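Student: I am new to this structure and would like to learn how to read its features one at a time. Could we look at it together?

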Amino acid sequence: MGPLRSVVLAGGGTGGHIYPLLAFADALRRHFPDIRITTLGSPKGMENELIPAAGYDLRVIPAFQLPRTLNLDLLRTPDRMYKSAHAAGEIIDEVQAEVVVGFGGYVSVPAYLAAWRREMPIVIHEVNVPAGVANRMGMKFTKRVAVGFPHQLEQAEALRNARLVGVPLRTGITQMDRPALRPQALYHFGLRPDLPVLFVSGGSSGARTINLAVAAAAKRLAHAGIQVLHVQGGRNDPFDVPKDLPVPYVVVPYLSDMQLGYAAADLMLCRGGAITVAETTALGMPAIYVPYPFSNQEQRRNALPVVESGGGMLVDNSELTPEWIENNIIPLARDRQRLAAMGSAAARYGRRDGDEQLLRFVLEAVS
């Protein structure tokens, strides 16, 4: 098997599709320095901010929301799907791609369709149960499906024969030494080294319920000697934190360098998105997961195996109140032994080699 020369990566809309794509692109570049990497994105997704900033070629094609029920007539009828697939195909031909690797999001469907028409290898990477609608469509064109977590193989009939590779994560996460980075991280945020730190983040766009509950518990946390590092999230309204607290409560609107947040933290309060779960477990970070309630419960399914293995706690969105925080988070954050045990359990569940394992799978597909 010679070196890969040209690859098209498709994925967009949310960070859950884009961050694994970028981590995989980095792995491709590490192994094949001269490879041509072309990414396909939609006009409005987060990929427009994230992919060019990471130094990769982003080509925007039209992408359309798909109906929730899938059948092949869907592909035969709308002419706009034909136009999208045609645009994807022109890019595939121009860059002479050898394989299309899709990470989900509506923009993946035209890429899968164009590659299928050209009888090219297609590899799909999926992190949720049930699989996203775009990747379910893609599975009509390829048997080469990779997943991020063991529970996906058991819980979704469509993923039963998929390859478990893990989630591609940035090397800044997978190669990070948390204890070594901790002093620098604490200094960066103005946090004290002698008190525990609760790291709060609702994902890239934030989580209003989490923000308001923790801010309302600020005095209780502070008087218990617990510092807070709180990421507001890009799409969230500011919230009020009491002034003159006896210990630091640091609010940042957005944290582009999540490594520093993880390094400063003793305990995390977060959503249960696939990338968050993959990162916390890869790092052995004890976490309290608050799954997003308005969906098909995939965040709960992501977090539950970690909790069952002893690596975290789970609380329903509706139950996260200042009182719950006082009764549950405060005693946990002050219990070093319990935090260490949870961290070890999380690390046993997590994996750091998703990028390399997915690359191995892609190379098999191409050969």
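Student: Is Arg170 buried, partly exposed or exposed?

Tutor: Keep in mind that this is a predicted model. Arg170 is partly exposed, with a relative accessible area of 26%, a value that falls between the cut-offs of 20% for buried and 50% for exposed.

Student: With which residue does Arg170 form a salt bridge?

Tutor: The general idea is that side chains of opposite charge can pair when their charged atoms come close. Here the partner of Arg170 is Glu279, and the closest N and O atoms of the two are 3.0 Å apart. Glu279 itself counts as buried, at 7% relative accessibility.

Student: How many salt bridges are there by this rule, and which residues do shared partners join into one network?

Tutor: The count comes to 17 salt bridges, and those that share partners join Arg36, Asp57, Arg59 and Glu94 into one network. Another salt bridge links Glu364 with Arg163, where the closest N and O atoms are 2.7 Å apart. Since Glu364 sits in helix H17 (residues 354–366) and Arg163 in strand E7 (residues 163–164), this pair ties together parts that are 201 residues apart in sequence. Glu364 is partly exposed, with a relative accessible area of 41%, and Arg163 is partly exposed as well, with 32%.

Student: Which domains does the domain assignment give, and how far apart do their C-alpha centres lie?

Tutor: The assignment gives domain 1 (6–169 + 352–366) and domain 2 (172–349), and their C-alpha centres lie 30 Å apart. The contact between them takes 16 residues from domain 1 and 20 residues from domain 2.

Student: What area is buried between domain 1 and domain 2?

Tutor: The size of an interface is often given as the accessible area lost when the parts come together. In this case about 1500 Å² is buried between domain 1 and domain 2, and carbon and sulfur atoms give 61% of that area. Phe149, Leu169 and Arg352 supply 44% of the area that domain 1 buries against domain 2, more than any other three residues.

Student: How many salt bridges and how many residue pairs in polar contact are found between domain 1 and domain 2?

Tutor: The count between the two domains is zero salt bridges, whereas four residue pairs are in polar contact across the interface.

Terms used: Residues numbered from 1 in each chain as written. Predicted model: local features only at pLDDT ≥ 70, side-chain atom pairs only at ≥ 80, totals over all residues. Heavy atoms only, no water. Domains from an automatic or database assignment. Contact = heavy atoms within 4.5 Å. Buried area = accessible area lost by both parts, 1.4 Å probe. Salt bridge = Lys/Arg side-chain N within 4 Å of Asp/Glu carboxyl O. Polar contact = N/O pair within 3.5 Å; in protein donor to acceptor, adjacent residues only side chain to side chain. Helix = DSSP H or I, 4+ residues; strand = E, 2+ residues; numbered from the N terminus. Buried < 20%, exposed > 50% of the residue type's maximum accessible area, 1.4 Å probe, protein only.
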